[in-house]
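Here is a short report on one protein chain. Look over the sequence and the structure first, then read on.

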Amino acid sequence: METLIRPAAGRAHPEPSRERWSLVGLVLLVSLGALIFPVMLGASANEPLPGLGAGAGTPGSNDTAAGASTTGETIAPISGDVDCSGQLSAVDALYVLRYVVQLPGAPGCLFAADVQCDNDRDAVDALLILRQIASLPPTTTPPWCPGIGQSLPNNPQLAGGVLVSATAVDESYRVWLTNATGIAMAYDFAWDRLPWRYQGGFFGGPLRSGPGAGEHNAPWSWHLDPNETSIGEGTVEECQGRPSFVEQNVEAWIQLIGRYCPSIDQLVSIVDYRWMNEGGFASFPATRATEGP
Ligand SMILES: [Ca+2]
Ligand SMILES: [Ca+2]
């Protein structure tokens, strides 16, 4: 079920601000944790955390200890499980903080760190993970964001990209983005972080035949080029129009105009499939490794 996250004019969006008061403390905490945590686990601060040895970056390998064997239990990637252990713990939050301050030993499931779904992996995410573990009231995140601990969206045909659903006037369409600029701008639009000159609210990119990868823009028989589409600047009229109008003239539109610039009257959802190409996780599902006899 797709849910409207904001009207184009309203700019209402979830509020991370309530959490920010704690960020300074958290960044201080990570410095302390970077020293204390490895010691607690019997390792020096310069050694990788458990599971971050030779198998780092391999799904299911991060719980592996000496004498470990796999149980055959399938791990589904879940939001916030930064160390690929299959569950949430304070270790996940610590890994996020270590990443923020660029300490070595990046975990294999770092893609799962952005539990806030704002395209940043930062101390806010670490705080949200800690709140979840402590059973504190959940903080507002976009309705399309997987809840912390919930499975990440899975669609191999859209792996490595981000699917944005929007409406132009009263017609729905979808744009699959694989270019970093377009993805970042889509998130920035959703979170009201774009400069005003981009807030005219439309995508712009080369128009292509067919509904695209995974038929993501079905039932329309066109899509926007995922590698070159982003949020447009200023206002354009020559490449704008209703999705249904483009549908009636797809080939002519491609030949005569080449680009299409659908308005974003409502940004309905952003579904992130990038984890599927990140950190070796194209091989999911993996099996969890646990200590053997
Ligand atoms: Ca974990
Ligand atoms: Ca985030």
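This is a predicted model. We begin with one helix. In α5, the buried residues are Gly182, Ile183, Met185, Ala186, Tyr187, Phe189 and Ala190. They pack against four strands: β3, β4, β7 (230-231) and β9. Just past the end of α5 comes Asp192, with a positive phi of about 60°.

Now the chain as a whole. It holds seven helices and 10 strands. It has 293 residues, and 42% of them are buried. Take the contacts between residues at least 6 apart in sequence: 72% of these join residues at least 24 apart.

**The core**

The largest nonpolar core counts 65 residues. Val96, Ile129, Val162, Val164 and Ala186 have the most contacts inside it.

The largest share, eight residues, comes from α3. The core also draws on two domains: at least three residues come from each of domain 1 (17-139 + 278-291) and domain 2 (155-272). In soluble globular proteins, nonpolar side chains tend to be buried together.

**Two packed helices**

How do α3 and α4 pack, and at what angle? The angle is about 170°, and the axes lie 8 Å apart. That makes the two helices, α3 and α4, roughly antiparallel. On the α3 side, the residues that meet α4 are Ala90, Asp92, Ala93, Val96, Leu97 and Val100. On the α4 side, they are Ala123, Asp125, Ala126, Ile129, Leu130 and Ile133. By type, the residues of this contact divide into 10 nonpolar, no polar and two charged.

**A closer look at Ile129**

Ile129 lies in helix α4. Is Ile129 buried or exposed? Ile129 counts as buried, because 30 C-beta neighbours lie inside 10 Å, and the cut-off for a buried residue is 20 or more. Leaving aside residues up to four places away in sequence, Ile129 touches Gly80, Leu88, Asp92, Ala93, Val96, Val115 and Ile148. Gly149 stands 20 residues from Ile129 in sequence, and their C-alpha atoms are 8.9 Å apart in space.

Methods
Residues are numbered from 1 along each chain as its sequence is written. Chains are lettered from A and ligands numbered from 1 in the order in which they are written. This is a predicted model: local features need pLDDT of at least 70, side-chain atom pairs count only at pLDDT 80 or more; totals for chains, interfaces and linings use all residues. A residue is buried if 20 or more other C-beta atoms lie within 10 Å of its own, exposed if 12 or fewer, and partly exposed in between; C-beta atoms are placed from the backbone. Two residues are in contact if their C-beta atoms, placed from the backbone, lie within 7 Å. A nonpolar core is a set of buried Ala, Val, Leu, Ile, Met, Phe, Trp, Tyr and Cys residues joined through C-beta atoms within 7 Å. Domain bounds come from an automatic or database domain assignment. Axes are lines fitted to C-alpha atoms, for helices over the stretch in contact, and angles run from 0 to 180 degrees between N-to-C directions. Angles under 35 degrees count as roughly parallel, over 145 as roughly antiparallel, 65 to 115 as roughly perpendicular and the rest as oblique. Ala, Val, Leu, Ile, Met, Phe, Trp, Tyr, Cys and Pro count as nonpolar, Asp, Glu, Lys and Arg as charged, and the others, Gly among them, as polar.
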